[in-house]
Amino acid sequence: MEAERLVGVSRRALAQSRGTPDIIAEAWQAQALAQAIGSRLAADGPKELRGEARGLSEIGGRSSGALDHPAARAGVARAAQLSELAEPRATLTGLGTLLGEVGMALVGVACETDEQGLYWQCMEAIDAADESMDRVHGMLRRLDEQDRERQQNLERGRGRDGPYGAVGGPAGTTAAGRGRARLRE
């Protein structure tokens, strides 16, 4: 399944979660998805994202074990369905939103529980979601910087070449063109 679609499925599943076990399961699923997306970008993504993507993968792998849930013990991750990552920017934007929503849901669980073990699991998972979100935002900033540089280079090239591309126009400078230029002088 395409990464952006998987993020959407995870967001809907989190929104439909009823109770602590469902929220914990979806938090675990989100971290597993962050790990999978990070791994895919580290291997096949744009070069400028690979370092941050490796970090995202490591955080996702470390943190998904922080939550004690049957899905985690069974290793049944929705992220295993990841087949392609077509649009990195859209995927990262959606993943950042999902991680923020997971963090908020875990804050709710932590505030409602009287169980110390669950409270600390939630705190660790909140920290992991926050750290993952920082990596995602770092990758989005890198993509924005790359786009700005590309646009500036394009604009610099246009200013140097003129409105029609090369200095002499689309066909270049010809003898007739040089003659017309002399007449204008």
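Analyst: Happy to! Helices (H or I, at least four residues) and strands (E, at least two) are DSSP runs, numbered from the N terminus. On that basis the chain has seven helices and zero strands, giving the pattern α-α-α-α-α-α-α along the sequence. The model is predicted: local features need pLDDT of at least 70, side-chain atom pairs count only at pLDDT 80 or more, and totals for chains, interfaces and linings use all residues. Residues are numbered from 1 along each chain as its sequence is written, while side-chain values use heavy atoms, leaving out hydrogens and water.

User: What separates D147 and R150 in helix α6?

Analyst: About one helical turn, because D147 and R150 are three residues apart in helix α6.

User: And what makes D147 and R150 a salt bridge?

Analyst: The term asks for a side-chain nitrogen of Lys or Arg within 4 Å of a carboxyl oxygen of Asp or Glu. The closest N and O atoms of D147 and R150 are 3.2 Å apart, so the pair qualifies. This pair also belongs to a network of salt bridges that links R89, D144, D147 and R150.

User: How many salt bridges are there, and which parts does the R11 and E101 pair tie together?

Analyst: There are six. The side chains of R11 and E101 meet with N to O at 2.6 Å. R11 lies in helix α1 (residues 3–15) and E101 in helix α5 (residues 88–112), so their bridge ties together parts 90 residues apart in sequence. Another of the bridges joins R135 and E52 at 3.7 Å, N to O.

User: How do you know whether W28 is buried or exposed?

Analyst: Buried means under 20% relative accessible area, exposed over 50%, and partly exposed in between (1.4 Å probe, protein chains only). W28, in helix α2 (residues 20–44), has 6% relative accessibility, so W28 counts as buried. For the chain of 185 residues, 40% count as buried. By contrast, R11 at 33% is partly exposed, and R150 at 47% is partly exposed too.

User: Why is the pair of Y119 and W120 called edge-to-face?

Analyst: Rings of Phe, Tyr and Trp (its six-membered ring) pair if their centres lie within 6.5 Å; planes under 30 degrees apart are stacked, over 60 edge-to-face and the rest tilted. The structure holds one aromatic pair. Y119 is partly exposed at 27% relative accessibility, and W120 is partly exposed at 48%.

User: What makes a negative surface patch of E124, D127, D130 and D134?

Analyst: Patches take residues with over 30% relative accessible area and no salt bridge, joining like charges within 9 Å and nonpolar side chains (Val, Leu, Ile, Met, Phe, Trp, Tyr) within 5 Å. Asp and Glu count as negative, Lys and Arg as positive, and His and the chain ends are not counted. E124, D127, D130 and D134 form such a patch. As one member, D130 in helix α6 (residues 116–161) has 41% relative accessibility and counts as partly exposed, so D130 passes the area cut-off.

Definitions and conventions
Accessible areas come from the Shrake-Rupley method with a 1.4 Å probe; for residues, only the protein chains shown count as cover. The place of a charge is taken as NZ of Lys, CZ of Arg, CG of Asp or CD of Glu.
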